[in-house]
Amino acid sequence: MFGLTVRFEVRPDTADEFDDLVARTVPLIAQREPGTLIYTTHRIAGDPNARLFYELYRDRDAFEEHENQPHMRRFAAGRQHLLTGPPRIEFITFTTGTGVPVATEA
């Protein structure tokens, strides 16, 4: 499996617009990306303008497929003016956990 976390710092005046963009994008991920095992978005307690995404993919190829989807290109383009700077991305290696779907072949 292949994973990452992404932290976005949203401009205070655009937080609702960012959240709306996310709300329109996530259902498309669920519908069109079988290799995306987990895609969750979070607000961070005590930091109202921060958002944290946790993403887990079947493998690196599934991640690349995710990145190349039209809805993800729209999300990337649409978020640029809503953020204070570039997102912080950390690639992670899944080791163990509960509630994680079993990765299946494409």
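Predicted model: local features only at pLDDT ≥ 70, side-chain atom pairs only at ≥ 80, totals over all residues.
Good morning, colleagues. I begin with the strands. Strand β3, residues 47–57, pairs with two partners. On one hand, β1, residues 2–9, runs antiparallel to β3 and is joined to it by eight bridges. Within that pairing, Phe-8 stands opposite Arg-51 of β3. On the other hand, strand β2, residues 36–44, is likewise antiparallel to β3, with eight bridges between them. Here Thr-36 is placed opposite Tyr-57 of β3. Strands β2 and β3 form a hairpin with two residues between the strands, and in this hairpin Gly-46 adopts a positive phi near 80 degrees.

I turn now to helix α3, residues 70–79. Which residues of α3 are buried? They are His-71, Met-72, Phe-75 and Arg-79. Viewed down the helix axis, the buried residues of α3 fall within an arc of 100 degrees, and therefore they line one face of the helix. The face turned away from that buried side carries Arg-74 and Ala-77, which are exposed. As for partners, the buried residues of α3 pack against β1, α1, β2, β3 and α2.

Val-22 belongs to helix α1, which spans residues 15–32. Is Val-22 buried or exposed? Its relative accessibility is 9%, and because buried means under 20%, Val-22 counts as buried. Leaving aside residues up to four places away in sequence, Val-22 touches Thr-41, Phe-53 and Phe-75. Val-22 and Phe-75 are 53 residues apart along the chain, yet their C-alpha atoms are separated by 7.5 Å. Phe-75 is itself one of the buried residues of α3.

Finally, the largest pocket. Its volume is about 230 Å³. The lining comprises 17 residues, and those lying nearest the centre are Val-6, Glu-67, Met-72, Arg-79 and Ile-89. Which elements each supply at least two residues of this lining? They are β1, β3, α2 (60–67), α3 and β4 (88–92). The largest share, five residues, comes from α3. Met-72 and Arg-79, both named among the residues nearest the pocket centre, also belong to the buried set of α3.

To summarise, β3 is joined to β1 and to β2 by eight bridges each, and α3 supplies the largest share of the lining of the largest pocket. Thank you for your attention.

How values were computed:
Residues numbered from 1 in each chain as written. Heavy atoms only, no water. 1 Å grid on protein atoms, 1.4 Å probe; cavity = no way out; pocket = protein on both sides within 12 Å on 5 of 7 lines; lining within 4 Å. Points joined across faces, edges and corners; volume = space filled by probe spheres on them. Helix = DSSP H or I, 4+ residues; strand = E, 2+ residues; numbered from the N terminus. Pairing = 2+ DSSP bridges. Buried < 20%, exposed > 50% of the residue type's maximum accessible area, 1.4 Å probe, protein only. Arc of directions from axis to C-beta. Contact = heavy atoms within 4.5 Å.
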